[in-house]
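Student: I am new to this structure. Please walk me through it, and tell me what stands behind each term.

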Amino acid sequence: MTNHLNLRRVRKRVDGKRAVSVAISSVILTAAVIAVSFVVLFWAQYRSSAYNEQYSEAMNSDITKLKERLTFEYIFYNSSESNLIVYLMNWGRVDNVTVQTVFVGNTTWFTTFSNIDLKFLNGTSAQDLDIGEEGYFLLYLPNLVLRKSYSVRVITGRGSVFESTFVA
Amino acid sequence: MKVHLSLKKGLKKLITNPKGFSSVVGTVFMVLVMMILSTSVFLWTLSQNTLYNQALKERNQMELDRLNEKVTAYNVNYTVSGDVVTVEVLLKNEGAISIRITTLWVLDTTIKKYGFNNNLDLNLKPGENISLVNDKAISVELEGANATDTFNSWFVTTRGNAVPLEEEGGIILAQVAAGIGSVSMNYGAFLYYNVSKVGSEYVLDNYPNGSEGFTLPQTDIAFEVCLTNFDRNKREIKLFSSSVLWMLFPISPPQQPRGAKWYIVNVYNNGTIASTFTEVTLSYGVPTRVYFASYNDVNSGGFSPSSSGYSGPAAVNLMLVGKIGNSSYGQNIPFVSVYVE
């Protein structure tokens, strides 16, 4: 008797148009929410991994920049040939240190060099300096006043700045 | 019991209510997504920051090590042969960390030219001394350099420090010594000993204190002199067994002076005189105690104690024979006088 009553109730619900549309709409809504949620999850994951990558690159760049160390072994100005020779050594903890730009000047004047021809001490061309390697570059500077103090600022490919002074 | 029932009822109502279910699912999903993402990003960022901090720490340590490098290069001596400048120098690591030197720069300020030798591989432990003299001297090619030029030079360490080479403080002493020879004697440390026979061996009494050597007895005595090598070129001096301390007495008539001699000997740490002789080495700048005690050249006649045999004032000559570097060497130091009782 009870089973018969239950069957009638289900049949009534299936036959009832209003109740079916509510159930279907609930299922559709739930499915849509789940689908959108997954889309949001994947999108957020993609964005966060892109952020991670960007952050990682920036961090690695900062870390290698931190490890970059150059020392000025000797700076010599040859007044007869108007040449400034700057001898460097990479004493840092990172290879491939390049010289991007060099500023030479004093408080009232400065000049910039961007095409730096870096060489090893034996005269062979060097793209960069690895750990412990020594090299030099030569700059043509006809305007320096003898016995005056100047500074040399070297900017590396990674953006580190190293500075020293010399007397022409 | 009542609260439990109402909670159960509320939950049932929530589940059976189709209107709020999608919102609940969506909210739960969003919260989960946010939690997962934020946690992973936070942890990852933290790990990256740790890496950065580690690099920063490493760099600070590098700077600290660099600041703690303390090496002294002193007693520098330049010799020029052709276009090659040879630099002799003593190095001392006075810091607490080991140091590696790779390059030596030499600047000739007279002709305004410079040269370098970047093939060095000198490692100094804390407190270690290195003597770069003779065959260990460093050569630097410098075109047009002359021995009379003025030089400046410096070492470069692997931590990027420059170590200037300091001129020797005793340059005047060295020049004076070069005027009269390569060895100087410390007159304040001129001692004599009585020689006793113990068993079959001869021993210096009251060794190593001895007695002041300017007034001394006649019989069975030995002398200790303190010699320092001031050779300009910092070569080692080796004294042969024929080196002798010779005493000259102005006896009347003065045409017939009398003499006494004490040949060089080796003395063990307990004051015993060695029956054989090995060459005595005088390193540059190192005061060395040298003993004269034998009547004979120990290598040719064996050891035998010596006495003056005369009394009164006497002139003492220190006649040194040996090798300096690879060359032969001889020098007479005639400045001491003694009174024999």
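Student: Which residue in the turn of the hairpin of S10(B) and S11(B) has a positive phi?

Tutor: Gly199(B), with a positive phi of about 65 degrees. The hairpin has 2 residues between its strands. A word on the model: it is predicted, so local features need pLDDT of at least 70, side-chain atom pairs count only at pLDDT 80 or more, and totals for chains, interfaces and linings use all residues. Residues are numbered from 1 along each chain as its sequence is written, while chains are lettered from A and ligands numbered from 1 in the order in which they are written.

Student: What makes S10(B) and S11(B) a pair?

Tutor: Two strands pair if DSSP finds at least two bridges between them. S10(B) and strand S11 (residues 201-204) of chain B have 4 bridges, in the antiparallel sense. So they count as paired. Within this pairing, Lys197(B) stands opposite Tyr202(B).

Student: Which strands of chain B does S10(B) join by 8 and by 2 bridges?

Tutor: Strand S10 (residues 183-198) is joined to strand S14 (residues 221-229) of chain B by 8 bridges, antiparallel. There, Ser184(B) has Thr228(B) as its bridge partner. Strand S12 (residues 211-212) of chain B is joined to S10(B) by 2 bridges, again antiparallel. Leu191(B) stands opposite Glu212(B) in S12(B).

Student: What makes a stretch a strand or a helix?

Tutor: Both are DSSP runs, numbered from the N terminus: helices are H or I with at least four residues, strands are E with at least two. By that rule chain A has 2 helices and 8 strands. Along the sequence the pattern is α-α-β-β-β-β-β-β-β-β.

Student: Why is strand S3 (residues 99-108) of chain B called mostly covered?

Tutor: Count the neighbours. A residue is buried if 20 or more other C-beta atoms lie within 10 Å of its own, exposed if 12 or fewer, and partly exposed in between; the C-beta atoms are placed from the backbone. In S3(B), 8 of the 10 residues are buried.

Student: Why is Val76(B) called partly exposed?

Tutor: Val76(B) has 19 other C-beta atoms within 10 Å. Buried takes 20 or more, and exposed takes 12 or fewer. So Val76(B) falls in between and counts as partly exposed. Val76(B) is found in strand S1 (residues 71-81) of chain B. Val76(B) and Ser153(B) are 77 residues apart in sequence, and 9.3 Å apart in space, C-alpha to C-alpha.

Student: How many bridges join S3(B) to strand S8 (residues 151-157) of chain B?

Tutor: 7, and the two strands run antiparallel. In S8(B), Ile101(B) has Thr157(B) as its bridge partner. Another link, of 3 bridges, joins S3(B) to strand S5 (residues 122-124) of chain B. In S5(B), the partner of Ile101(B) is Leu122(B). S3(B) also pairs with strand S4 (residues 113-117) of chain B, over 5 bridges.

Student: What is the sheet order of S4, S3, S7 and S8 in chain A?

Tutor: The 4 strands form an open sheet in the order S4-S3-S7-S8, with antiparallel pairing. Strand S4 (110-113) and strand S8 (161-167) are the edge strands, as each pairs on one side only. Strand S7 (residues 149-156) is joined to S8(A) by 7 bridges. Arg153(A) stands opposite Glu163(A) there.

Student: How do you know that chain A touches chain B?

Tutor: Two residues are in contact if their C-beta atoms, placed from the backbone, lie within 7 Å. By that rule, 32 residues of chain A are in contact with 28 residues of chain B. Helix H2 (17-67) and strand S1 (70-78) of chain A each supply at least two residues of that side of chain A. H2(A) gives the most, with 21 residues.

Student: What classes of residue make up the side of chain A that touches chain B?

Tutor: That side has 17 nonpolar, 9 polar and 6 charged residues. Ala, Val, Leu, Ile, Met, Phe, Trp, Tyr, Cys and Pro count as nonpolar; Asp, Glu, Lys and Arg count as charged; the others, Gly among them, count as polar.
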